[in-house]
Amino acid sequence: ISKIGVLTSGGDAPGMNPCIRAVVRTALYNGLEVVGIRQGYKGLIDNDMYEMNKRSVSNILNLGGTILKTARCLPFKTDEGMEIAYQNAKERGIDALVVIGGDGTFTGALRFSRKYPDIAVMGVPGTIDNDLCGSTYTLGFDTATNTVIEAIDKIRDTADAHDRLFFIEVMGRDSGAIALRAGISCGAEAILLPERTTAIDDLIQNLKEGHMNKKSSSIVIVAEGDKNGVWDVAKAVQQEVKNYDIKVTILGHLQRGGSPSSFDRILGSRLGFAAVNALIAGESQKMVGLQANQILMTDLEQALNHHEFKLEDDLLQMMDILSI
Ligand code: F6P
């Protein structure tokens, strides 16, 4: 390979910038050229790309978001869109791509590289949702969880002052990873996850018991992907426990912003470095990921296998036990 295109796609995640920096500098170190593609696959289709040099990635380690910008690109899902993207890449001399993103990004990457195998593709797991197989952690998950914990700690102060019950929705389209970690870290009374059905009657019973046990405040965390939905759960509980003052908070997009944590800066650097080295070694259609503190590769197809993605059993077991 001689020229790598790098893009970030889907929801941004803190740690993407350190990863872009590592991709650019590792590629340059190895005598390769690098093209930055703006707004993910959209930039490939719109031909919105630029040559990157050492200084293109100066002073970005501490920045949230992504200097390359990102988008969710519908035209890339069509054959016509892909063909335009391919032609633009070829005209630029791009023979390898590093794609940083989540499941949507990898689905696009896999289709693209099966259709046009002369452009090698390497995925880097970048999503706050932490829902890819083949990497214990995805970029942005650690920072986002810390942001959520900080926010919930603050809510706990006011919940306690008013003896209130808060339902807090956290991100995770199909994943309860943030909810579970944040719930255990903040001592939530209950955590509602897409991976596990919670009977509302049981929840109500638990909250009533907590009240009888003189809990002055209660926090219930509801993952965005939970099938009940935060508003319906809050309403159902309010009907049953009239003596509670109930509030709902949706943390929303603040969870995606902020300076990347030390963990995400290192992870981004390791994964970017590994992605370029894997491409140089002739690999394609793979994702680099962290497993037992080793950087290992997984087939993109396997990385997308949600059935094999699991939340940690011990965390699931302790979530009820520790919140009594
Ligand atoms: O995939 C990351 C994520 O933040 C999900 O948790 C959330 O459901 C989704 O992106 C929101 O996407 P958007 O910013 O496009 O509304």
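**View 1. T105 and the residues it touches.** Not counting residues up to four places away in sequence, T105 touches S9, G10 and V99; contact here means that C-beta atoms, placed from the backbone, lie within 7 Å. The model shown is predicted: local features need pLDDT of at least 70, side-chain atom pairs count only at pLDDT 80 or more, and totals for chains, interfaces and linings use all residues. Numbering runs from 1 along each chain as its sequence is written. T105 sits in helix α4 (residues 103–115); helices (H or I, at least four residues) and strands (E, at least two) are DSSP runs, numbered from the N terminus. With 28 other C-beta atoms within 10 Å, T105 is buried. The scale is simple: 20 or more other C-beta atoms within 10 Å is buried, 12 or fewer is exposed, and in between is partly exposed, with C-beta atoms placed from the backbone.

**View 2. A binding site listed by UniProt.** The unreviewed entry lists G11, R72, C73, G102, D103, G104 and T105 as "binding site". They span 95 residues in sequence, yet no two of their C-alpha atoms are more than 13.2 Å apart, so they gather at one spot. UniProt positions follow the numbering used here, feature names are shortened, and annotations may be inferred rather than shown by experiment. Look for C73 in the loop between β3 (49–52) and α3 (79–92). C73 is buried, with 22 C-beta neighbours inside 10 Å, and its contacts beyond four places in sequence are G40, Y41 and K42.

**View 3. The shell around the ligand.** The shell has five charged, four polar and two nonpolar residues. Asp, Glu, Lys and Arg count as charged; Ala, Val, Leu, Ile, Met, Phe, Trp, Tyr, Cys and Pro as nonpolar; and the others, Gly among them, as polar.

**View 4. Helix α5 and its cover.** Helix α5 (residues 141–162) has buried residues including F141, V148, I152 and A159. Among the elements covering the buried residues are β6 (164–170), α6 (177–186), β8 (218–223) and α9 (262–280). Just after α5, D163 takes a positive phi of about 55 degrees.

**View 5. S217 in its loop.** You will find S217 between α7 (200–212) and β8. S217 is partly exposed, with 19 other C-beta atoms within 10 Å. Beyond four places in sequence, S217 is in contact with R156, A159, D160, D163 and R164.

Definitions and conventions. Contact = placed C-beta atoms within 7 Å. Near = placed C-beta within 6 Å.
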